[in-house]
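Reader: I would like to learn how to read the helices of a model, and how to judge their packing. Could we go through it slowly?

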Amino acid sequence: ILSFLILVGVYIRSVKFKELLLLVLLGSVFMSIVGIGRGSNNMLSDGLNEFNFNEIGFRATLQLANSARVLYSSIEHRDQYQDLFYGKLLIGNFLGVVPKAQSVYLNLTDTKKHELSSAAYFTYIKFGEDSVHGEGTTIIADIYINFGYIGVLLAMFLFGAFYKKVNFELHLKRSYKASFLK
């Protein structure tokens, strides 16, 4: 939806501030409902049943606090206990696309289950083996635990350069086809 709105703003008409504010508020409420209901059988209805406007400030900022906690945990753990993983924690994300590939990888290597992804590793650090809760991850923590400070600087520089190129290309093109076919 966000990509569609950006294209509307670039090609058709600019989005008014009131429209943007309304969309951000509606999107925030919707994503809060999804976040609350996540993990249940009927995510939307269960999230809506549990949603409470009195707690919306707490729930909205809790996600930011969790991200910061994971980031600080990754820095502390990597600096004190663990050497860099050099991309090992990224392999599970790619293997997860192919059915049974992660299981085959675990059987062929000496990799532990919690070393398939940074989210699994951070959950292992916090809760131990076979936890029923997930700690989550952030892109910065993921890059840091795999490639260190230099990796974070390089990856974020490349991401910024890519975003700048996409932004530049969008402003140069005057049709949808020209933007997507290049």
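Author: Let us begin with burial, where buried means under 20% relative accessible area, exposed over 50%, and partly exposed in between, with a 1.4 Å probe and protein chains only. This is a predicted model, in which local features need pLDDT of at least 70 and side-chain atom pairs count only at pLDDT 80 or more, while totals for chains, interfaces and linings use all residues. Residues are numbered from 1 along each chain as its sequence is written, and side-chain values use heavy atoms, with hydrogens and water left out.

Reader: Which residues of H2 are buried?

Author: Helices are DSSP runs (H or I, at least four residues), numbered from the N terminus. In H2 the buried residues are Ser32, Ile33, Val34 and Gly37, and helix H3 (43-50) is included in what covers them, by contact, meaning heavy atoms within 4.5 Å.

Reader: How are two packed helices described?

Author: Two packed helices are described by the angle between their axes and the distance between the axes. Axes are lines fitted to C-alpha atoms, for helices over the stretch in contact, and angles run from 0 to 180 degrees between N-to-C directions. Here the axes of H5 (residues 88-95) and H8 (residues 139-172) come within 8 Å and cross at roughly 125°. That makes H5 oblique to H8, given that angles under 35 degrees count as roughly parallel, over 145 as roughly antiparallel, 65 to 115 as roughly perpendicular and the rest as oblique. Lys88, Leu89 and Leu90 of H5 make the contact with Asp142, Ile145, Asn146 and Phe147 of H8.

Terms used
Helices (H or I, at least four residues) and strands (E, at least two) are DSSP runs, numbered from the N terminus.
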